[in-house]
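I opened a notebook for this structure and went through it piece by piece. My entries are below.

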Amino acid sequence: MATDDIAGSQDQRSEPLTIRTTTASAQPPSPLPQDASSSSSSSSSSSSGNFDIVATYTSLLASDPDISMPVAAIEALIALLGATPATTAMETVSVIKTHAAILRSAVPNPIPLEAGTDLFQQYLLRSLKGQTAGGPALGFDETREHLLANSRLFADRAKAAREQIARRGARYVRDGSVVLAAGGSRTVKTLLLRAADAHVARWGCARFKVVYVMDGSRDCVPAVAALRAKGVPVAEIPEAAMAYSLAAARVDMAFVGTEVVVQNGGLLSRMGTFQLATLCKSLGVPFYVAAETHKIVRVYPLSQADLPRCGVRQDVLQFKTGQDLEEEAPEKNPLSVAGEKVEDPLSLEGQKGKAAPVDYTPPELVSSIITEQGVKMPAAVYDLLLDIYT
Amino acid sequence: MATEAEGAPLPADETSSRATSSTVPAPAETAAAPAPANPPKLSNAELKAKQKAEKAARRAQAKEAKASATPAPTAAAPQQDGSKGGKQPSKGGKHESSTQEQQSAAQRPGQPPRRPSMGGKRPSLVAGGEQDPRAAIPECFSHIPMAKRIPTSQANKDVHPAVLALGQQMATFSVRDSIARLKYMLLAFRKVIESYETPKGNSLSRHFVPHVLNPQIEYLTECRPMSFSMGNAIRLVKAKVNKFDIDTPEDEAKEAMLEMIDNFINERITLAELVIARNAADMIADGDVILTYRHHRLVERALRLARREGKHFEVHVVDDPFDQTGLQLAKVLRSEGVRVYYSPHLGGTHQVGVRRASKVIVGGEAIFANGSLYGAAGTCDLCIAAADAGTPVVALCETINFDRDRVSTDSLTYNEIDPERGSGEAFRLMFDTTREKYLTVVVTEYESETGNSPAQSILAILRKQEDQV
């Protein structure tokens, strides 16, 4: 009943997990329990050799608009675990590790992914250790089943975190506040909607205004629409108007989301975050970051120039003379970034085609990071990280 | 790695040979020539140690001569000498008596008991007739301690010969940086433990620390103020002894202590150095220009490792004109094929070097609980200049050098006066404190990948380490 060709057999019922992740979208929790049981029964003979982790990840991102990159990576790895016939703990770990590496190498900016894959591997190792410490009575199949169940819980929790962050962050938006929000962060959108709800519940209307920086990502427009639908006055501004608006609208605080939070409490996020943070610092506007703790990643950039060492492949700065341009093929756009990686629609959260370039925001510019575990100073991120990884 | 680990016991022999040989010439200050007594037997290492000790003895003699030539008030009140600042006649004189009274009234008796590792602990064993080398230090710096040669004949009789020798080496700076001092101290303690026998009617857990270990520590502290790492290690050793049951057989307890010391040296010194070098080398990328200050063993190791991995980078060594240890680093790196720029002093590097550099890598003597870096004097200048120019600063430091209790925001609360390069008019501080905000990252050995910590968060590492013990 088990099949060798998992990725290819999209309609085979023997591997429903793969089918879910590659074809259908939406609710990850519901199909999984049956996966756990059915795959554990069939796991021994199926093969993970053909499991296409990249395709799984891509379709996960494409199918669920609410999913973030680390979570998509984690779910892809869970799918892999469900499809893996590995019979020992070490084998499972090494399969996961290999596929995590494949996934990372497939995208131009692997760091957001890394947050997810690292976290999952750490979790897996811990569970396996815990299981072995518990006694040899548990068979590997049981262990694996337990892991699948727990992994699903983990992914759920990661999604629930956004709600908790919104609840914590909404308290910052007070009567009469003017809030600047930038980019298409769904966490920030949720946060502002939650704040609007709180205002409506208390005063009957939203008593704060939003300056929304339209940076071209696809989530900006729906976010603005949703806020306006709740009665929040929103001003849309282009990126170039950030400094002007911060001063002219007397903005009280800025909220941004981020792709990842790095080891020192800084951010690696969509290009322009550093710019906004610098402006906020110089204009004295608190700069709040809404980020789930699963976005904390074990990367420590030292400066913007240090990003290539951290695994970011982008090519923003291209110094050219007129002669260089003449020599170049005319179809090449000198301002393009990250080459022409059209095959990576997954590596960005907004544009189609190219990897969105990122910049590094040093922790000095970040006022606080709102996580589901509380509002943290940037220096406290390292504490959280040690709690997770040691 | 295995060889590194096995390498640890080697210096033990070295110390012991040094120990035996340098205890011999130590009385040379008084009696002239022990050297020709048995010349053929000495090995190279012994010869070297001997020369060092003799040189130190000569230096001390010279200093003594100089000191006795200055018209400082004598024996009766050595502490007043310290506060008087003998060669500053005009302003010091006015307030002299009152301030002195204040000081002796308020400071001396009311002084809180300091931890032995730092702070102005007065030598208690100094003979009355000795000249105080602190005579020239102005009163406002009187809290800053200074290394001091104590004739071995005047040391406490309980001090073990190995520790006696080490004390001399520390006082003369032939064992110098915090980790070397820590390591040799532990190796000397090994000998103390080995030769220890519990007196009748006592138990090791009650007797060893107050009657055997403490005199050694006191002596070492008087030779030179303890490094933070030594303080930390002593705390751990004492905790270990305290944990022994009162009935623990002596052999068993000694064995456990020796094992603990060996493990300690392996993990916190030998392996730590490897891991830090590894982590720091990973931070170096092709095309980097690395700016560093003086010579620090971790920095050297990291740079050489990166070079051996085939990375192409340049190094700019800025040196301290008073103590040109950076010269050696520059030579070593050049011989490994690294392009090296060398500045003999800090001047000018602020403008050019710091802007040209892509990373500044400095080694630290210690790190305070608030993340401030305690490093060779001049480190702070470089780090501030780097921060100003937007160049990231990487500090390398073992976790054993972290201080979990004390914070420092300036360079005068904790420091040491250089005993060798001082005159009546001027003296030199050996260290300075770099505020945490000027450090981009602190590279430690903790859990390899995760050991790169923001300076503000180093306490998190200590907390984790304690949880794991």
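**Ground rules**

I am working with a predicted model, where local features need pLDDT of at least 70, side-chain atom pairs count only at pLDDT 80 or more, and totals for chains, interfaces and linings use all residues. Residues are numbered from 1 along each chain as its sequence is written, chains are lettered from A and ligands numbered from 1 in the order in which they are written, and side-chain values use heavy atoms, with hydrogens and water left out.

**The two chains**

I looked up chain A first. I found 13 helices and 10 strands in it. Here helices (H or I, at least four residues) and strands (E, at least two) are DSSP runs, numbered from the N terminus. Of its 390 residues, 55% are buried. Buried means under 20% relative accessible area, exposed over 50%, and partly exposed in between, with a 1.4 Å probe and protein chains only.

I then took the contacts of chain A, a contact being heavy atoms within 4.5 Å. Among those between residues at least 6 apart in sequence, 74% join residues at least 24 apart.

Chain B has 15 helices and 10 strands. It has 469 residues, and 51% of them count as buried. For its contacts with a separation of 6 or more, I noted that 77% come from residues 24 or more positions apart.

**Helix 7 of chain B**

I checked its length. Helix 7 covers residues 178–194, 17 residues in all, and spans 24 Å from first C-alpha to last. That is close to the expected 24 Å, which is 1.5 Å times one less than the number of residues.

Is this helix enclosed or open? Helix 7 of chain B is largely enclosed by the rest of the structure, because 13 of its 17 residues are buried.

I also looked at its start. There a side-chain oxygen of B:Asp177 comes to within 3.0 Å of the backbone nitrogen of B:Ile179.

**B:Asn401**

I found B:Asn401 in the loop between strand 7 (393–396) and strand 8 (431–434) of chain B. Its relative accessible area is 0%, so B:Asn401 is buried. Beyond four places in sequence, its contacts include B:Ser178 and B:Ile179, as well as B:Phe228 and B:Glu365. Its side chain makes a polar contact with that of B:Ser229, at 3.5 Å. A polar contact is a pair of N or O atoms within 3.5 Å; within protein, one must be able to donate a hydrogen and the other to accept it, and residues adjacent in sequence count only if both atoms are side-chain atoms.

**A:Thr187**

I placed A:Thr187 in helix 8 (residues 186–203) of chain A. A:Thr187 counts as buried because its relative accessibility is 2%. Setting aside neighbours within four places in sequence, A:Thr187 is in contact with A:Arg162, A:Ile165, A:Ala290, A:Glu292 and A:Lys295.

**Where the chains meet**

How many residues of each chain are in contact? I noted 16 residues of chain A against 23 of chain B. Together the chains bury about 1600 Å², 61% of it on carbon and sulfur atoms. Buried area is the accessible area (1.4 Å probe) that two parts lose on being put together, summed over both. In chain A, A:Tyr300, A:Leu302 and A:Tyr382 lose the most area to chain B, together 38% of what that side buries.

The rule finds 3 salt bridges across the interface, each a side-chain nitrogen of Lys or Arg within 4 Å of a carboxyl oxygen of Asp or Glu. B:Arg463 and A:Asp383 meet in a salt bridge at 2.9 Å, N to O.
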